[in-house]
Amino acid sequence: MRAVVQRVARSKVEVENQLVGQIDKGLMVLLGVGQDDTTKDIDYMVDKIVNLRIFEDQDDKMNLSLLDVGGQLLVVSQFTLFGDCRKGRRPGFSEAARPDMADDFYQKFVDKARAMGVDTHTGKFRSHMMVELVNDGPVTLLIDSKKNF
């Protein structure tokens, strides 16, 4: 699995001009599922993301997690995180999971985050989404469950 994690003051997702997900202070996560991912990847990613110490403490040091600050999570599926741009000008997506697997893993990620007590919101799988966010910091991190970066 791959994720782009952004610390946000607020974020929202619309599908066909309808609001489907919205958060205030928290993390906006673009989440991609790879064809070789397993449930261990889900466990790793949820644990890593909700426990990342990227919120400031009283000394203005990034020392607090999403759980520590009671922040919200907005998770948006994004298969293009597995786009391979090394050859030519058109990305290849052969490493991305098939839609049925990706949707299942995406839902399991969301369910696990909620089970950990995180107020979790989502986009709409396999939809054209309009995503807005106010990046706080800015703080943006890339996470790969295979630890490729």
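What follows is a chat about the helices, cores, aromatic pairs and backbone of this structure.

Reply: Happy to! One thing to keep in mind is that this is a predicted model.

Me: Good to know. Let's start with α3: how many residues does it have, and how far does it reach?

Reply: Helix α3 covers residues 99-115, which is 17 residues. From the first C-alpha to the last it reaches 24 Å, close to the 24 Å expected at 1.5 Å a residue.

Me: Which residues of α3 are buried?

Reply: They are A102, F105, Y106, F109, V110 and A113. These residues are on the same side of α3, because they cover an arc of only 140 degrees around the axis.

Me: And what do the buried residues of α3 pack against?

Reply: Their partners are β3 (26-32), α1, β6 (72-77) and β7 (119-122). On the face turned away from the buried side, α3 carries the exposed residues D100 and A115.

Me: What happens just after α3?

Reply: G117 sits there with a positive phi of about 95 degrees.

Me: Switching to the nonpolar core. Which residues of the largest one touch the most other members?

Reply: That would be L27, L31, I49, L73 and F109, out of the 28 residues in this core. At least two residues each come from β1 (2-15), β3, α1, β6, α3 and β8 (130-144). The largest share is that of α3, with 6 residues.

Me: On to the rings. How many aromatic pairs does the structure hold?

Reply: It holds 2 aromatic pairs. In one of them, the rings of F79 and F93 have centres 5.0 Å apart and planes at 65 degrees, so this pair is edge-to-face. Both F79 and F93 are in the loop between β6 and α3, 14 residues apart.

Me: How exposed are F79 and F93?

Reply: F79 is partly exposed, as its relative accessible area is 49%. F93 is also partly exposed, with a value of 32%.

Me: And what about Y106 and F125?

Reply: Y106 and F125 form a tilted pair, with 6.0 Å centre to centre and 35 degrees between the planes. This pair links helix α3, where Y106 is, to the loop between β7 and β8, where F125 is, 19 residues apart. Y106 counts as buried, since its relative accessibility is 2%.

Me: Now the aspartates. Is D37 buried or exposed?

Reply: D37 counts as buried, at 7% relative accessibility. Its place is the loop between β3 and α1.

Me: What does the side chain of D37 reach?

Reply: It reaches the backbone nitrogen of M1 at 2.8 Å. The D37 side chain also makes a polar contact with the side chain of K146, at 3.0 Å. Leaving aside neighbours within four places in sequence, the contacts of D37 are M1, G32, M101, F105, S145 and K146.

Me: And where is D41?

Reply: D41 is in helix α1, residues 39-51. D41 is buried, with a relative accessible area of 7%, and its side chain reaches the backbone nitrogen of T38 at 2.7 Å. Beyond its neighbours within four places in sequence, D41 is in contact with M1, D36, S145 and K146.

Me: Last topic, the backbone. Which peptide bond is cis?

Reply: The bond from G137 to P138 is cis, with omega near 0 degrees, and P138 is found in strand β8.

Me: What is the phi of R126, and of K147?

Reply: R126 has a positive phi of about 60 degrees although it is not a glycine. K147, another residue other than glycine, has a positive phi near 60 degrees. R126 lies in the loop between β7 and β8 and is exposed, with a relative accessible area of 67%. K147 lies in the segment after β8 and is exposed, with a value of 58%.

Note on methods. Residues are numbered from 1 along each chain as its sequence is written. This is a predicted model: local features need pLDDT of at least 70, side-chain atom pairs count only at pLDDT 80 or more; totals for chains, interfaces and linings use all residues. Side-chain values use heavy atoms; hydrogens and water are left out. Helices (H or I, at least four residues) and strands (E, at least two) are DSSP runs, numbered from the N terminus. Buried means under 20% relative accessible area, exposed over 50%, partly exposed in between (1.4 Å probe, protein chains only). A polar contact is a pair of N or O atoms within 3.5 Å; within protein, one must be able to donate a hydrogen and the other to accept it, and residues adjacent in sequence count only if both atoms are side-chain atoms. Contact means heavy atoms within 4.5 Å. The expected span of a helix is 1.5 Å times one less than its number of residues. The arc is that of the directions from the helix axis to the C-beta atoms. A nonpolar core is a set of buried Ala, Val, Leu, Ile, Met, Phe, Trp, Tyr and Cys residues joined through side-chain atoms within 4.5 Å. Rings of Phe, Tyr and Trp (its six-membered ring) pair if their centres lie within 6.5 Å; planes under 30 degrees apart count as stacked, over 60 as edge-to-face and the rest as tilted.
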